[in-house]
Every structure is written in structure tokens, then in C-alpha cells.
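Reader: Please show me the model. Then I will ask what stands behind each label.

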Amino acid sequence: MEKTVSREDIDDLRKLFARYDSSKTGVIRPEQLYELLDKTRFPISKTEFKDFLLKIDPIGRNAITFDQLLDGVKIKAGNTSLRQELINAFRVFDSKNTGYVPVSYTHLTLPTICSV
């Protein structure tokens, strides 16, 4: 069953994230993320967590940002898909709606698309 991620959910996630980010670095470790998710409306099994983590931290930095957490929760809840996120990021730079991004924007688009 899909759940929606409400503004209240986002606020709760932000507060929990800040609690786990005690060093105020803007990142938490995967173990902390698992504990955090267990305290929300979006709990996850250990098996699901491996896939979840791979989706939000594909290169294995083991340093999860709030934005990565939120993207993962939205995907898990069915509010968005990674494909849709990529399309949305691309459209930001395709201002003329041509289906192409000007080469001069490449230095801006790649970091944006890769952070999704």
C-alpha cells in the first residue's frame, strides 16, 4: 500500500535527522538511517534497507544527507520514482522544451542529475 509523504512527515523527518546528526555535519551513517526510519511512518526491513540504501547512496559514501533520505522515503512511499526525478531535473535545464540541454549547461546539469 502506497503512502504519501506529507509536509508533516517531512518536518518530522527533518527533526529526526537533526537529532541523529549530532555533530551537525549534514550527514548520518547508514546504521543511524535504519534506526531513524524505524521511528517513522515508513519503517523498513533489513532486506528492504539494503535496496533502499543502494538507491539513495549508489556509490556507497555511507554518509546520507537529508535530501537523500527524503528522496528515498518518497520513492518508498510511491510519491516519485527515480526516473521521474531525473526527468524533472533535466527539465529545469531544458527551458525551451526541446528535449535537449545546451552543452554550455553541462557543468550545471550533471551534478544536479547525479545527486538525485
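Author: Start with Leu36. Leaving aside neighbours within four places in sequence, Leu36 is in contact with Leu13, Leu16, Phe17, Tyr20, Ile28 and Leu69. Contact means heavy atoms within 4.5 Å. This is a predicted model: local features need pLDDT of at least 70, side-chain atom pairs count only at pLDDT 80 or more, and totals for chains, interfaces and linings use all residues. Residues are numbered from 1 along each chain as its sequence is written, and side-chain values use heavy atoms, with hydrogens and water left out.

Reader: Which residues have the most contacts inside the largest nonpolar core?

Author: Leu33, Leu36, Leu37, Phe52, Leu69 and Val73, in a core of 22 residues. Helix H1 (7-20), H2, helix H3 (46-56) and helix H4 (66-77) each give two or more residues to this core.

Reader: What makes a set of residues a nonpolar core?

Author: Its members are buried Ala, Val, Leu, Ile, Met, Phe, Trp, Tyr and Cys residues, joined through side-chain atoms within 4.5 Å.

Reader: Why does Gln32 count as buried?

Author: Buried means under 20% relative accessible area, with a 1.4 Å probe and protein chains only. Gln32 has 14% relative accessibility, so Gln32 counts as buried. Gln32 lies in helix H2 (residues 30-38).

Reader: What does the side chain of Gln32 reach?

Author: The backbone oxygen of Tyr20, at 3.0 Å.

Reader: How many helices and strands does the protein chain have?

Author: Six helices and zero strands. Helices (H or I, at least four residues) and strands (E, at least two) are DSSP runs, numbered from the N terminus.

Technical notes
Buried means under 20% relative accessible area, exposed over 50%, partly exposed in between (1.4 Å probe, protein chains only). A polar contact is a pair of N or O atoms within 3.5 Å; within protein, one must be able to donate a hydrogen and the other to accept it, and residues adjacent in sequence count only if both atoms are side-chain atoms.
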